Structure formats: structure tokens, C-alpha cells
Amino acid sequence: MAGLQPQDDPLKMSHKETWKMQHERLHVKHRGHEAMHAEMVLILIAMLVVAQIVLVQWKQRHCRSYNMVTLLQMWVVPLYFTIKLYWWRFLSTWGMFSVITSYVIFRATRKPLSCRTPRMVYKWFLLIYKLSYAVGVIGYLAIMFTMFGFNIFFRIKAEDSMDVGVVMLFYGLYYGVMGRDFAEICSDYMASTIGYYNMGGMPSRNLSNDVCAVCGQKIFVDVDEEGIIEDTYQLSCNHIFHEFCIRGWCIVGKKQTCPYCNEKVDLKRMMNNPWERTHVLYGQLLDWLRYLVAWQPIIIGIVHGIHFSLGLE
């Protein structure tokens, strides 16, 4: 080509130069469209505000249907992008998680409920919770590691270390959200089946002093004694539980009330170890993240539809 300068030939340009040229072309293409861009931003902000109001009202009025629809979207939306973008590694982990979790939910919703099921359910979701927490922290550290330039000392490319950090952070947060949501569903089903807990009213059974209302099994260790495997925990309402059960109920299952009398549970009092309090903060982060993963793609899709209908591109 006669008019093509050597520095403008894409085949002879570096990755940085190619990106710079594409960026300049993008600026030229959108020059003079400031009013249209401002209108698009206003539509996005208005849609976010309206969507937030609608979702908050829906959650307050019909919390159960909101949680079910949100969970379904959390499960399906990433699957769509995974297949579209050929993220086979994520698809394999998603498949394994779905198969095992489906079996756990099947066991948790059977009647009569096996005496071993509650502990099995809480152990699985507590494992997912701890693994997601660890993977998320490692991913975050990898991102900070790259941003501060420590990757240079280990001769690791910034793109590689950043990619690893972002992927691990996404894996940790995503499976953390999914695990907590499924754990909440299983907690409701199991506790209602056992009979010591009722989401909408009074329990159908009286609670004995030596029975855990979460799993329905006897408690053999006194509150003041130190157990070999686990201790017995007493809430401020004086109801006692297996420590493992009540931690799974409150932290993993997202319940902040007594499984029997519905009195508010003081999570700070339950966390004797300062390091354990980070799990509560992590759980709150996952609850906030659910909105971004489940509803943000739909909101953005609606905004794009409005832009297209108004001829804004």
C-alpha cells in the first residue's frame, strides 16, 4: 500500500502501539457526540435507580420469590457467558458444584429427614464457604501483588498474574454467594421438617433441654464442659445447640435468629476469635455481590435495549 507508513502497519506494530491506535480511532469516531453520550449516561443512572427501588420493594414484600429468582439467575447467567466465551475451566467447576449441591439439596428436602443429613449439609456448605473465602483472599492478594509490581521480582508477566488474581477472586466470590444461598434454602427445609423451626409462626414441636433444634439430635456435652469433637453453645435466650450446628445456621445459612424462638442472635458474641469476625464481613460482602452478578447483566441489557430503540449507539 503506497500511503501506509511503516509505523501504521498493524503487522509491524507492538501490542501497546496497536492498542493506542485503536484508542485514537475510537476517540475520532465518537467526537462531537457528547450530547448523545450524556443522554446515554442519564438513561443508565435512571435505570439503576428505578431497578434498585423495584428490587428493594420486591424483596421486602415477597422475599421468598425474590431469593428464588435471584438464585436461579445466579446459577444460569454465568453459565450463558461461560458457553458463549468458551470458559471451559469454569464450566467444569460449575458442573461439579451443581451435581454435588443438587444431591445435598435432595437429601435436605427428603421426608423423613435422616439424622445424619443436617450435619452432612452444613459440612458441605461450610467447606464451600471456607474454600471460597480462601480462594477469594488469594485472588485479591495476587491482584495487589501485581499492582505493586512484585511480579517483576519473580519474572512473572503482569498480564498473567493479574489474570490469575481476577479469576480466583471471581471464583471465590461466585461460589461463596451460591453456597450461602443454597445453604439458606436447605436450612429452612431441614429445620421445618424437624419441627423446631417455622418460618411463619410457632414450632410444631416442643424443644427439650438436651436436644439441638438445628439437627434434632441429643446434646451430650454440657455448656460449661469442653467437648472432644465440638462444644455446646448457649444463646442469650438460653436455648442450647451443637456449636457446629448453630455456627452453620447463623454464618453459612444466613440466619440471625434462634432456630426455636426466633430471638435475635448476637453474632459478635458468638465470634470469640477475632479472625472469625472476618467471616461475617465476608458474608455481608457476598450478600451485596449477589445483586451485581444476578441483576446487573439484566439491567445493562435493558439499558442497551432502550439505547437501541432510541437510536443511541
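**Exercise 1. Locate phenylalanine 153 and decide whether this residue is buried or exposed.**

Phenylalanine 153 sits in the loop that joins H5 to helix H6 (158–194). Helices here are DSSP runs of H or I with at least four residues, strands are runs of E with at least two, and both are numbered from the N terminus. The model is predicted: local features need pLDDT of at least 70, side-chain atom pairs count only at pLDDT 80 or more, and totals for chains, interfaces and linings use all residues. Residues are numbered from 1 along each chain as its sequence is written, and side-chain values use heavy atoms, with hydrogens and water left out.

Next, apply the cut-offs: buried is under 20% relative accessible area, exposed is over 50%, and partly exposed is in between (1.4 Å probe, protein chains only). The relative accessibility of phenylalanine 153 is 70%, so this residue counts as exposed.

**Exercise 2. Check the span of helix H5 (residues 117–147).**

Step 1: the expected span is 1.5 Å times one less than the number of residues.
Step 2: look just past the helix, where glycine 149 has a positive phi of about 80°.

**Exercise 3. Classify the ring pair of phenylalanine 148 and phenylalanine 150.**

Rings of Phe, Tyr and Trp (its six-membered ring) pair if their centres lie within 6.5 Å; planes under 30 degrees apart are stacked, over 60 edge-to-face, and the rest tilted. This rule gives 18 aromatic pairs. For phenylalanine 148 and phenylalanine 150, the centres are 6.4 Å apart and the planes stand at 35°, so the pair is tilted. Phenylalanine 148 has a relative accessible area of 62% and is exposed, while phenylalanine 150, at 40%, is partly exposed.

**Exercise 4. Compare a record with the model over residues 127–154.**

An unreviewed UniProt entry annotates residues 127–154, among other ranges, as "transmembrane region"; such annotations may be inferred rather than shown by experiment. In the model, this range is 75% helix and 0% strand, with end C-alpha atoms 32 Å apart. Residues 40–58, also annotated, are 100% helix and 0% strand, with ends 27 Å apart between C-alpha atoms.
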